[in-house]
Amino acid sequence: MKLWPPYVRSKMSTEPSDGCQAPSVALRVDGALAQYVVPTTASVVWRIHSLNEKTGRAFAPVYFSRKEGSRWDFKSNSKHPYSDGVLCLGKTFEATMIETFAKKWPSVLAPTRPDAKPYETGRVLTPDDCTRKSATPLHLPAGLRLFDLTAPAAMNSVGYGLDAWLTATKAYHFTRSWSRWFFQCSDIDGLIYSSRPGGAQMTNYVLFSRPGLKGKLRAEAGQTRQLGQWRSLLRNASVVLNFTILAPLPKVAADE
Amino acid sequence: MPTTVEIKSPVSELEKIIFREKSGNEYVAASQSDLTGGYRILTGKVISIPKGSKDRVWGMRLGKGKSREEFIILRLADLSKPSRRFPPAKLPVNDPAGEYVQSLKDAEGGAWSTAEFMELAHISRQALQERRANFTITYWTDAKGHCHYPKWQFDPDRRVLPHVRTILGLLHTHDTLRVLTTFLVPSIGEPGVSALSMIQDGRGDEAVAAVRALEDEH
């Protein structure tokens with residue numbers, strides 16, 4: 001079986017403490033923090049999304065989640081569909097792949113035994129993964145202002161020391177409180193962060209549902225296809241991320 | 001060379017007789033009587049066959065002048081001879097995907113075939129088919145489309161464990177590889193822990209909650 005890629009393990013504690021709670025609304029993203037807000041350049045980003053079991057079609061790729069399903073989407077009590085929510089995107093196809101599937105793969109932190117079975121250490125994509133998930137390229141508009149959590153010591157500049165912690169911890173209620181704080185206490189459009197399972201080389205974006213952004217992303221969205229249809233991208237990703245595809249891929253690929 | 005063959009049930013003229021490998025160098029004769037791929041055990045005893053003839057499992061119709069029972073005995077005896085028609089299967093060398101899938105199938109004591117499980121659990125083929133269709137039993141299929149039922153999903157009375165059934169309902173899929181990986185891959189909760197090990201440790205509710213959280217992700 002293929003070997004694991006190197007894993008970047010945070011040196012910081014993954015245990016939450018009171019000091020990790022997001023600050024009050026009084027502190028704003030300005031001053032020292034403002035230097036870590038970077039404008040985006042127009043680029044293609046990727047989104048992997050699920051199949052709607054009721055309709056048999058893929059969910060819309062542009063969906064700002066408000067249901068606390070991941071690291072950054074904080075729960076919203078608002079009934080207005082555009083009021084708040086977050087959309088997670090991968091800077092590359094590989095980045096969005098690892099974000100989507102790493103949670104189904106064996107943990108890299110598990111002790112490795114010499115007699116470990118292939119399924120205890122290997123990463124695979126099953127036929128369901130290739131048909132029940134879809135991938136869509138989206139155009140990230142230029143000029144969005146994102147807070148760069150991958151910048152060295154971005155949060156240290158205000159004395160929090162949370163850079164690695166925010167992307168490494170599994171205490172999602174803390175990370176969501178920070179996401180909410182960024183959303184409510186600033187005018188930035190989102191965050192840039194490193195993937196927890198993918199390490200520093202895999203960058204992801206969190207976009208907040210700012211007015212007009214959803215419409216812009218939808219208008220310029222690429223074609224949605226089942227994951228297996230992106231054959232060459234999938235094969236490249238399988239080399240980069242060391243996973244094995246256990247599904248037959250189509251003879252004619254969408255991306256060739 | 002087989003010495004004793006105990007015919008368990010009468011054989012119909014319409015049935016196609018199959019000799020299936022049971023384990024290692026043992027075979028059992030069964031019959032295929034419908035298009036569903038299911039089997040009916042014909043011999044109550046497992047016949048020992050020398051190694052080297054493992055790959056020679058085939059089905060043949062009865063020739064003239066012999067009873068079905070005689071045919072079974074003759075064919076089982078024939079299995080011990082080297083075959084030209086069915087050369088030993090060549091396994092692909094260094095096939096990580098094949099290795100991975102095989103490890104899933106062999107996990108936690110392997111699996112029972114349909115015929116074996118029907119006999120063990122006193123269940124009809126139709127009932128088993130219904131369970132597969134309703135996502136209430138874990139199974140995988142081999143290259144010939146025959147179903148096998150992993151042993152780890154059952155309690156000592158051959159009933160599917162309740163938490164296994166709940167998770168199968170959540171997954172709601174016939175992608176058997178996805179089902180097997182969901183239960184066996186150590187990716188739930190703390191590092192190195194699988195859904196199955198949690199269920200076996202009495203933490204089935206936690207396993208169900210973890211799988212539900214994964215499935216609920218948009």
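Let's start with Leu138(A), which sits in strand β6 of chain A, a stretch running over residues 133-140. Everything here comes from a predicted model, so read it as a computed picture.

**Leu138(A) and its surroundings**

- Leu138(A) is buried, because 23 other C-beta atoms lie within 10 Å and 20 or more is enough to count as buried.
- Leaving out residues up to four places away in sequence, Leu138(A) touches Val45(A), Arg47(A), Pro61(A), Leu89(A), Leu217(A), Ala221(A) and Gly222(A).
- Thr121(A) is 17 residues away from Leu138(A) along the chain, and their C-alpha atoms are separated by 33 Å.

**The nonpolar cores**

- The largest nonpolar core has 75 residues.
- The members that touch the most other members are Val86(A), Leu89(A), Leu191(A) and Val206(A) from chain A, plus Leu184(B), Ala195(B) and Ala207(B) from chain B.
- Leu89(A) in that list is also one of the residues that Leu138(A) touches.
- There's a second, separate core of ten residues, and its members include Ala111(B), Trp112(B), Met118(B) and Tyr149(B).

**Strands in chain A**

- Strand β7(A), residues 145-148, pairs with strand β1(A), residues 37-39, in the antiparallel sense over three bridges.
- In that region, Pro39(A) has Arg145(A) of β7(A) as its bridge partner.
- β7(A) also pairs with strand β8(A), residues 190-195, this time in the parallel sense and over three bridges.
- Leu146(A) finds its bridge partner in β8(A), and that partner is Gly190(A).
- Further along is strand β9(A), residues 199-208, where you'll find Gly199(A).
- Gly199(A) counts as partly exposed because it has 16 C-beta neighbours inside 10 Å.

**Where the chains meet**

- On the chain B side, 23 residues are in contact with 27 residues of chain A.
- The elements of chain B that give two or more residues to this side are α2 (96-106), α6 (176-184) and α8 (204-216).
- α2(B) supplies the largest share, with seven residues.
- By class, the chain B side has twelve nonpolar, six polar and five charged residues.

**Chain B overall**

- Chain B has eight helices and eight strands.
- Of its 218 residues, 31% are buried.
- Among contacts in chain B between residues at least 6 apart in sequence, 57% join residues at least 24 apart.

**Helices of chain B**

- α6(B) is mostly covered, with nine of its nine residues buried.
- Among those buried residues are Leu177(B), Val179(B), Leu180(B), Phe183(B) and Leu184(B).
- Helix α5(B), residues 162-171, and α8(B) have axes that come within 10 Å and cross at roughly 5°.
- That angle makes α5(B) roughly parallel to α8(B), because angles under 35 degrees count that way.
- From α5(B), the contact uses His163(B), Thr166(B), Ile167(B) and Leu170(B), while α8(B) brings Gly204(B), Ala207(B), Val208(B), Val211(B), Arg212(B) and Glu215(B).
- Sorted by class, this helix contact has five nonpolar, three polar and two charged residues.
- In helix α3(B), residues 114-121, the buried residues are Thr114(B), Ala115(B), Phe117(B) and Met118(B).
- Just after α3(B), His122(B) takes a positive phi of about 50°.

**A three-stranded sheet in chain B**

- Three strands of chain B form an open sheet in the order β6-β8-β7, with antiparallel pairing.
- β6(B), residues 111-113, and β7(B), residues 140-141, are the edge strands, each pairing on one side only.
- β7(B) joins β8(B), residues 147-150, through two bridges in the antiparallel sense.
- Across that pairing, Trp140(B) has His148(B) of β8(B) as its bridge partner.

How values were computed: Residues are numbered from 1 along each chain as its sequence is written. Chains are lettered from A and ligands numbered from 1 in the order in which they are written. This is a predicted model: local features need pLDDT of at least 70, side-chain atom pairs count only at pLDDT 80 or more; totals for chains, interfaces and linings use all residues. A nonpolar core is a set of buried Ala, Val, Leu, Ile, Met, Phe, Trp, Tyr and Cys residues joined through C-beta atoms within 7 Å. A residue is buried if 20 or more other C-beta atoms lie within 10 Å of its own, exposed if 12 or fewer, and partly exposed in between; C-beta atoms are placed from the backbone. Two residues are in contact if their C-beta atoms, placed from the backbone, lie within 7 Å. Helices (H or I, at least four residues) and strands (E, at least two) are DSSP runs, numbered from the N terminus. Ala, Val, Leu, Ile, Met, Phe, Trp, Tyr, Cys and Pro count as nonpolar, Asp, Glu, Lys and Arg as charged, and the others, Gly among them, as polar. Axes are lines fitted to C-alpha atoms, for helices over the stretch in contact, and angles run from 0 to 180 degrees between N-to-C directions. Angles under 35 degrees count as roughly parallel, over 145 as roughly antiparallel, 65 to 115 as roughly perpendicular and the rest as oblique. Two strands pair if DSSP finds at least two bridges between them.
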